[in-house]
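These are my notebook entries on a single chain.

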Amino acid sequence: MKKIITIAGSNSRNSINRKLLSYTSDLLGNVELISIDLNDYVLPIYGIDFENENGIPTAVKRLNEVFDTADGFIIALAEHNGTYTAVFKNTLDWLSRANIKVWRDKPLLLMATSPGGRGGATVLQAAVSYFPFLGANAVADFSLPDFYDNFLENKISNHELNKQLRKKILLFEQHLNIK
C-alpha cells in the first residue's frame, strides 16, 4: 500500500486548507495516509548561525525520516500576504538542510484555498515554480476559490470545482500507480 504524506501549510487549528486536505484525502483509494501537523514540529527560526551552533533540530530529523517513507505528498498551502505561512516556510527551510530533495522526487499534489476569489493562487504559483528545486514532481495542482461559498458540509459543494479536483486526484493516483 502506498504511503501518502499530507501537510496543511498552516498552524491554525481552524485551517481551511486542513479541511480541504481532509476532504481530498478521503477521496483517495487504497493508500496509507500520514498526516503531518506542523504544530507537532515546533522549530526555531532557521538561521545559519543557529544551525552552526546547534545543528539540525531533532524535530527536523524526525520529520525528515517520515518523509523518507513517502510514496507521494499532498500539500494544501495557506497563503499569508501572497506567500507561504511563516511556519511552513521555516519548516521547509529546515528540511532542506537535512535533505535538499525535500520532496524526494515523489509525486506531489499541490492545493490551496482561501476565502477570496483567487483561492490561494499566488502561493500555489510560487510552489509550482519553486518546489522542483527541492525535488518535487508536482503532477497536479488545484485552487479552491471562495472557500466559504464552495465548501459546505465538509465537502466541495460546487459541482464543477469538485469535478476538477477529482481529475487532479486521478492524475496523482496514476503517477503513484494506484489501481
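This is a predicted model: local features need pLDDT of at least 70, side-chain atom pairs count only at pLDDT 80 or more; totals for chains, interfaces and linings use all residues.

I placed the residue in helix α3. I then looked up its partners: the side chain of Asn64 makes a polar contact of 2.6 Å with that of Arg104. Leaving out residues up to four places away in sequence, I listed Leu95, Ala98, Asn99 and Arg104 as the residues that Asn64 touches.

I counted 33 residues in the largest nonpolar core. Those that touch the most other members are Ile7, Phe67, Ile75, Phe88, Trp103 and Phe131. Which elements each supply at least two residues of this core? I noted the strands β1 (2–8), β2 (31–36), β3 (72–77) and β4 (107–113), together with the helices α3 (58–68), α4 (86–98) and α5 (121–130). Helix α4 gives the most, with five residues. For Ile7, I recorded contacts beyond four places in sequence, among them Leu21, Ile36, Phe67, Phe88 and Trp103. I also found a second, separate core of 25 residues, which includes Leu20, Leu21, Ala140 and Ile169.

I found Ala121, Val123, Leu124 and Ala127 buried in α5. They lie on the same side of α5, because they cover an arc of only 160 degrees around the axis. These buried residues pack against β3, β4 and β5 (137–144). On the face turned away from the buried side, I noted Gln125 and Ser129 as exposed.

I took α7 as residues 159–176, a helix of 18 residues. From its first C-alpha to its last it reaches 26 Å, close to the 26 Å expected at 1.5 Å a residue. Its buried residues are Leu161, Asn162, Leu165, Ile169, Phe172, Glu173 and Leu176. Why do the buried residues of α7 line one face of the helix? Seen down the axis, they fall within an arc of 115degrees, so they share that face. As background, I noted that an α-helix has 3.6 residues a turn, so residues three or four places apart point the same way. On the other side of α7, His159 and Lys167 are exposed.

At the start, I found a side-chain oxygen of Asn158 within 3.0 Å of the backbone nitrogen of Glu160. After the helix comes Asn177, for which I recorded a positive phi, near 60 degrees.

Technical notes: Residues are numbered from 1 along each chain as its sequence is written. Side-chain values use heavy atoms; hydrogens and water are left out. A nonpolar core is a set of buried Ala, Val, Leu, Ile, Met, Phe, Trp, Tyr and Cys residues joined through side-chain atoms within 4.5 Å. Buried means under 20% relative accessible area, exposed over 50%, partly exposed in between (1.4 Å probe, protein chains only). Helices (H or I, at least four residues) and strands (E, at least two) are DSSP runs, numbered from the N terminus. Contact means heavy atoms within 4.5 Å. A polar contact is a pair of N or O atoms within 3.5 Å; within protein, one must be able to donate a hydrogen and the other to accept it, and residues adjacent in sequence count only if both atoms are side-chain atoms. The arc is that of the directions from the helix axis to the C-beta atoms. The expected span of a helix is 1.5 Å times one less than its number of residues.
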